[in-house]
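Dear colleague,

I am passing on the structure we spoke about, which you will find just below. My notes follow it, and I would be glad if you read them with the model open beside you.

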Amino acid sequence: MNLEDIGVILATDCGSTTTKAILIVREGDAYRLQVRGEAPTTVEAPFEDVTIGVRNAIAEVEELSGRRLVDPDGRLIRPATETKGADVYVSTSSAGGGLQVAVVGLVRRMTAESAQRAALGAGAIVMDALALDDGRLAHQRIERLRQLRPDMILISGGVDGGEERRVVEMAELVAAAKPRARLGAKFKLPVIYAGNVAARPRIQEALGEATALTTVDNLRPTLEQENLGPARTEIQEEFLQHVMSQAPGYSELMAWVDADIMPTPAAVGEIIQRIARDEGINIVGVDIGGATTDVFSVFDGTFNRTVSANLGMSYSIANVVAASGLDNVLRWLEREIDASKLDNRIRNKMIRPTTVPQWLEGLKLEQAIAREALRLAFAQHKLLATGLKGIQQERDIAQAFDQTRAGEETLVDMMSLDLLVGSGGALSHAPRRVQAAMMLIDAFQPEGTTRLAVDSIFMMPQLGVLAQVHPEAARQVFLRDCLVRLGTCIAPVGQSRAGSPCISLTFADTGERLDVAAGELMRVGLTEDTVREVIIDPIRRYDIGAGRGRAIRTQIEGGAAGLIIDTRGRPLQLPEDPAQRRETAVAWAQAVDLYPDS
Amino acid sequence: MAQAYTPGLTVTDSITIRKERRLPLPGRVLVSVGQAVSAEDVVAATELPGNVHTVNVAHDLNVNGEEVPRLMLKAEGDPVEAQEPIAEYKALWGIFHAVSRSPAAGTIENISPVTGQVLVRGPALPVELTAYIDGTIVQILGDEGVMVECGGALLQGILGIGGEAHGELALIAESPDQRLTAEHIAKDCAGQVLVGGSLVSLEALEHAREAGAVGVIVGGIDAAVLDELIGERLGVAITGHEEVGLTLIITEGFGELPMAQRSFELLKAHAGQQASLNGATQIRAGVIRPEVIIPHPSSAEVPPEPIIAELKVGSSVRLIRDPYFGILGTITALPEDLQEIETESLVRVVHVRSDDGDELTIPRANIELIQQ
């Protein structure tokens with residue numbers, strides 16, 4: 001079907017708990033989201049058929065839109081007519097815990113880390129990364145591989161024509177572990193080899209019998225080059241051919257769709273990369289879920305994704321507190337709370353994860369924990385988004401030898417960040433949009449001027465897979481219906497005493513001038529679709545993007561939260577004294593009208 | 001659409017329970033269909049591949065990897081003893097002599113001419129699978145396991161610690177709201193499953209363990225006590241592998257929470273009988289709840305409860321979120337329209353009259369239906 005003939009699009013995302021369906025309809029020349037439906041995912045017992053949940057979610061879309069999409073025999077109606085059917089159907093999936101991969105490399109900070117980036121970029125959860133220098137003994141690595149039961153294993157190691165013996169050694173360990181696939185006990189485990197091409201015959205010898213082995217181009221062909229594309233493509237191919245086809249009901253779902261089913265995070269990565277490319281901007285995206293938090297970034301065209309397993313707002317909420325420490329959660333709160341009561345309260349959310357905060361104190365506590373989950377997930381992201389910059393972007397040999405230092409240098413540069421997008425219940429469903437904006441600002445600490453947005457109903461996955469079939473429709477719906485623009489954050493980098501001068505901001509059109517002292521938060525009403533030119537002039541100690549003390553002239557966008565001027569300093573400093581810190585928290589909340597009692 | 005998002009936990013005196021007992025690897029099934037088994041009978045067995053030891057023979061003999069195969073004293077598949085020579089290098093009439101020895105007893109699994117490494121696999125590890133419940137074998141699952149069935153009572157908890165256990169139910173608390181302290185634990189409770197009330201202390205758990213109790217069932221526990229018991233901060237509710245000396249089942253949640261009357265009465269009615277329990281919990285998609293199974297012959301076959309229960313005016317519910325956590329009540333209205341709550345969120349609510357007579361408006365996500 002020609003793209004111009006596509007008028008009605010149905011897309012689903014089969015999550016681990018909920019299957020979400022959206023219906024996109026062309027109105028004139030514009031594609032718009034029409035309705036959204038959802039139903040529980042049915043991969044697990046007693047249903048064990050993902051298509052039941054998909055049909056139920058579609059049924060809700062049918063009910064809400066008045067458009068019949070499935071015929072009495074349970075088949076999708078295609079192509080669309082005036083009143084029924086859809087022209088295109090696409091889907092993503094993270095049901096059954098998503099795509100789980102174990103990676104094996106030689107050196108932890110080199111090939112194993114490259115392999116990890118390849119797997120994460122393909123939308124996988126990396127269960128473990130084994131390497132010669134991971135501090136484990138051979139039998140411990142074997143034991144670990146045996147316990148993990150991944151969906152597949154990615155083996156890398158050695159530059160082309162380089163180290164061969166040790167790569168084979170690692171492959172022999174994998175063979176000795178006799179690993180079994182998580183789904184489909186009778187099937188051989190898919191293993192992808194993306195290491196030294198010279199070792200391929202030996203790898204075949206070691207693993208050809210015991211596993212379903214495929215080989216792709218080396219993901220680290222030379223010391224200075226990373227080539228993640230072929231490994232990522234193969235991971236997704238194996239996901240479809242081996243993993244998905246073993247999951248209950250997926251063979252039927254695969255027959256329904258017009259484009260390959262993508263792992264949910266891979267689809268989100270796809271849409272984020274497209275927007276970064278189309279608009280020529282740097283983006284950070286975050287999806288804070290119940291169990292995990294995913295962070296995506298595109299800086300200077302380089303895409304990175306990390307998933308922080310066990311940082312989430314329901315199933316993993318107690319783990320966020322364990323990882324950050326209770327004091328780090330309490331520092332965001334305006335009132336003192338008894339620590340043991342708080343601990344019980346958080347654990348009760350963990351064991352009854354679907355409950356929602358009913359009183360304001362409960363909401364404030366959850367938003368404090370969300371700040372910590374986001375902060376920790378972003379810190380992990382910065383650690384992995386490092387080192388080589390992917391294919392075609394080379395470092396010289398001297399830099400390559402300086403692996404440790406270069407590898408620790410993150411690609412994430414907050415001053416050059418243009419757009420920060422949040423999604424997931426804690427951000428998308430925050431009762432006031434300014435709450436979402438402040439959670440993003442406190443956790444990510446954007447620098448200079450940064451646009452903020454949230455995904456209204458988390459439809460980035462469906463739009464990501466749709467972009468494979470109809471990029472324009474995906475782009476239009478993303479910009480018009482998916483993104484809720486929160487506004488712009490202006491945050492100068494520097495530190496000085498609270499109350500001392502910091503920046504002045506002048507609106508170019510009216511000449512209106514705002515002087516903001518250090519240590520403050522200020523919110524200026526600036527509605528969505530408003531763009532204003534401003535001159536931001538920091539004092540000598542502060543940098544707003546052009547260097548210390550240098551003014552910039554830039555355009556800022558409005559949104560649901562407006563313009564937020566944050567002179568609290570970078571890195572953000574909170575008062576040490578608990579009583580003073582609580583007082584400050586109250587003052588800042590009042591300054592941006594954060595809560596009904598602010 | 002009046003659905004309870006949390007359908008509630010099963011608490012029933014009469015249900016047909018089927019338990020799949022599956023080996024981690026195919027092996028031998030030792031029972032036949034129709035055979036009566038008791039909880040501790042072994043129904044299937046297998047052997048897991050032994051641990052692997054790597055021997056860097058090339059390094060030991062100071063030779064290249066490709067020379068290793070011809071210097072081996074043992075072939076692939078040969079058994080070896082600990083410290084037994086497996087490869088030897090001699091040159092110049094024995095002036096240069098080196099030996100490589102096996103670090104452990106086992107079998108030579110692989111000799112690699114590329115890496116010069118030899119893998120020695122240790123003896124297989126036997127695994128025996130018990131029936132877990134007193135019942136009857138109703139199905140053989142090929143060479144991987146069996147299905148055991150029994151009639152009896154089933155009680156699901158909200159969170160457990162520790163794996164499978166089996167013992168005699170002993171009622172310790174006199175009422176569901178009584179705290180379980182160290183003084184309540186008798187010295188002669190070896191092999192018993194102790195049933196407490198509203199809150200268990202760390203001292204009580206330690207006394208129970210020292211006295212040989214195999215399990216404790218209680219309404220609530222403080223988070224700090226649980227962390228102390230397992231030796232780490234419990235971050236996610238995926239449990240069952242802890243080795244704390246007994247199996248703990250929490251029926252209500254964290255804090256002081258009286259055990260639900262119905263659960264307490266059920267356990268009281270079966271005091272003195274044998275129970276099987278498992279603390280394994282997984283609060284994720286594909287949820288697994290900790291369980292207590294009390295097989296008894298009078299049970300009738302009862303169909304499984306619906307997965308999503310319907311809320312109705314008059315339904316008994318428990319409130320499962322602060323500030324009302326643990327309060328019991330009855331639904332008085334189910335308004336359809338979204339309603340703004342204190343947080344300014346728009347949610348669907350229920351009106352509940354608490355057992356103390358208070359009229360409360362509660363988000364539907366924050367109630368749990370109590371199965372009647």
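Predicted model: local features only at pLDDT ≥ 70, side-chain atom pairs only at ≥ 80, totals over all residues.

Strand E17 itself, residues 501-507 of chain A, is mostly covered, with 6 of its 7 residues buried.

E17(A) also pairs with strand E18 of chain A (residues 513-517), again in the antiparallel sense and over 5 bridges. Within that pairing, A:Ser504 has A:Asp515 of E18(A) as its bridge partner. The hairpin that E17(A) and E18(A) form has 5 residues between the strands, and in this hairpin A:Gly511 takes a positive phi near 80°.

**A:Arg532**

Returning to strand E20 of chain A, you will find A:Arg532 there. Is this arginine buried or exposed? A:Arg532 counts as buried because its relative accessibility is 17%, and the cut-off for buried is under 20%. Its side chain makes a polar contact of 3.1 Å with the side chain of A:Asp509, and another, of 3.4 Å, with the side chain of A:Thr510. If neighbours within four places in sequence are left aside, the residues in contact with A:Arg532 include A:Phe507, A:Glu512 and A:Leu526, as well as A:Thr554, A:Gln555 and A:Ile556.

With best wishes

Technical notes. Residues numbered from 1 in each chain as written. Chains lettered and ligands numbered in written order. Heavy atoms only, no water. Buried < 20%, exposed > 50% of the residue type's maximum accessible area, 1.4 Å probe, protein only. Helix = DSSP H or I, 4+ residues; strand = E, 2+ residues; numbered from the N terminus. Pairing = 2+ DSSP bridges. Polar contact = N/O pair within 3.5 Å; in protein donor to acceptor, adjacent residues only side chain to side chain. Contact = heavy atoms within 4.5 Å.
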